Structure formats: C-alpha cells, structure tokens
Amino acid sequence: MACRREVSVLVALCLVGLGAHAFVVSSVRVAPGVGPSAASQSPALASLPSLEAAASGAEEASCWSFASRFLAGAAVGAFLLAASASPARADVDDVLVPVDGKGKTVMLTKEGLNRGKRLFNNACATCHVGGGTRTNQNVGLGIEELKGSTPPRDNIESLVDYQNNPTTYDGLKDISEVHPSIRGADIWPKMQSMKQSDLYDISAYMLYMTATIPEKWGGGKQYY
C-alpha cells in the first residue's frame, strides 16, 4: 500500500507540473510586447487588420487550449494527491467474523488483521502452518473442524478460551501441558508475554482465513 501511495503522489506531481508548464508556455505566447509583432516583421501586414485579428484569435484559442490542459492536469493531480494523503482503506475483504455463539460479529481492520497474522506466525505457525495441524493431520483449523469440536471453536471468544485453557477435541481433557496456552505459560515462554488482546487478534485472524480462503486454510503446507 505504501508503494502505491508513493506512485500516486509521483504521478500527481507530474500532472500538476505538466499543467503548469503548459500554462506558462501559453502565457509567454500571448504576453503583449514579447517578441516581434507580425506588423513589424512585414509592413504589408499592417494594412491587413483582418489577418491580424485572425492571428489574435488563433493565439487566444491556443491560450484557452493550454489553459484547459493545465486545469485538467491540475484537477487530476489534486485528486490523486488527496487520495494518497487520505487514510488508506484497509485491504481487507468485507468479512464479518463471529465474535460469539450468539450472532455477534465484527469486521476486522487492516492493522488488527496484520497484527493477528504476525502473532499467529510467531506463536502458532510452527505446528499450524497454513491452518493445518502438524501433530494431528485429522484436526486442522478449518471451519468444519472448529465447528465440530466440543465446545465449538468457531468464534473469537471460544478460540480465546481455548488459548487460555486448551482441551482435547472432545473437551474432556486438559492439554495445557502439551499445547501452548496461558494456563501453561510457565512451560511455554512465548505465552508468557501474551495479553488477552493478542489472543483475540490471533483468533480473529484464524477465522478471517477460514472465511476468505476456505479451500486452502486448514490444508497445511501443501498450499504454503
């Protein structure tokens, strides 16, 4: 995005510059007293006021032509500058991510999504690259697997709960000693600095991926 904004600014400045150049050229052409007049170059033309009027009309038309080009270039340049200066819209698909099991949803920001991705890659991707599960290929992070667990882990709150207190897929046994978690942070150093907001962003990122690339997310390394 930063690269596109820089290119937009460069194009805008070029357009404004070209417009300004055209305006200056047109001004020089029609400025009074600049350069020898047609009459001084040829006395015979002094007796032909109609030709002088025609030449003047042509110069005036040329002036308006260059002025219109300048205004058009300036307008486009100003638009691009304004667009590049305004806050960039997040490159995030308009996806509503479920917050809880009661129908509450949230739309992620670009910043939140990027933060969740970074945290996921740092803390989870060793075992869950691409949404798969290296230690158990039968249970990945695809939406169907998340929905099928007990309790269902298909919303942000339930995934945050899992990262705090992980259990087996059937929900019967605590696995905090074998799965990174807040509860087992004393044996999982990366979890010691994790805040609840971090767990929220990680969970939101995972659910965003299940919604945007369901055919790949959960498939593991074969897609990444």
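Student: What percentage of the 224 residues in the chain do buried residues make up?

Tutor: Bear in mind that this is a predicted model; in it, buried residues make up 29% of the 224 residues in the chain. A residue is counted as buried when its relative accessible area is under 20%.

Student: What elements does the chain contain, and in which pattern do they follow along the sequence?

Tutor: There are eight helices and two strands, and read along the sequence they follow the pattern α-α-α-β-β-α-α-α-α-α.

Student: How do you know that the span of α4 is close to the expected one?

Tutor: Helix α4 covers residues 110-123, which makes 14 residues, and at 1.5 Å a residue a span of 20 Å is expected.

Student: What puts the buried residues of α4 on the same side of the helix?

Tutor: The buried residues of α4 are L113, G116, L119, F120 and A123. They cover an arc of only 130° around the axis, and therefore lie on the same side of α4. An α-helix has 3.6 residues a turn, so residues three or four places apart point the same way. On the other side of α4, E111 and R118 are exposed, while what covers the buried residues includes α5 (125-128) and α8 (196-212).

Student: Why is Y169 called partly exposed?

Tutor: Y169 has a relative accessible area of 37%, and because buried means under 20% and exposed means over 50%, a value in between is called partly exposed. Y169 is placed in the loop between α7 and α8. Leaving aside neighbours within four places in sequence, Y169 is in contact with V139, E144, E145, G148, S149 and T150. Of these, V139 is 30 residues from Y169 in sequence, yet the two are 8.3 Å apart in space, C-alpha to C-alpha.

Student: What makes up the lining of the largest pocket, and which residues lie nearest its centre?

Tutor: The largest pocket has a volume of about 840 Å³ and is lined by 35 residues, of which H128, T133, Y162, I175 and H179 lie nearest its centre. The elements that give two or more residues to this lining are α4, α5, α6 (143-148), α7 (156-164) and α8. By type, the lining residues divide into 20 nonpolar, twelve polar and three charged.

Key
Residues numbered from 1 in each chain as written. Predicted model: local features only at pLDDT ≥ 70, side-chain atom pairs only at ≥ 80, totals over all residues. Heavy atoms only, no water. Helix = DSSP H or I, 4+ residues; strand = E, 2+ residues; numbered from the N terminus. Expected span 1.5 Å × (residues − 1). Buried < 20%, exposed > 50% of the residue type's maximum accessible area, 1.4 Å probe, protein only. Arc of directions from axis to C-beta. Contact = heavy atoms within 4.5 Å. 1 Å grid on protein atoms, 1.4 Å probe; cavity = no way out; pocket = protein on both sides within 12 Å on 5 of 7 lines; lining within 4 Å. Points joined across faces, edges and corners; volume = space filled by probe spheres on them. Nonpolar A, V, L, I, M, F, W, Y, C, P; charged D, E, K, R; others polar.
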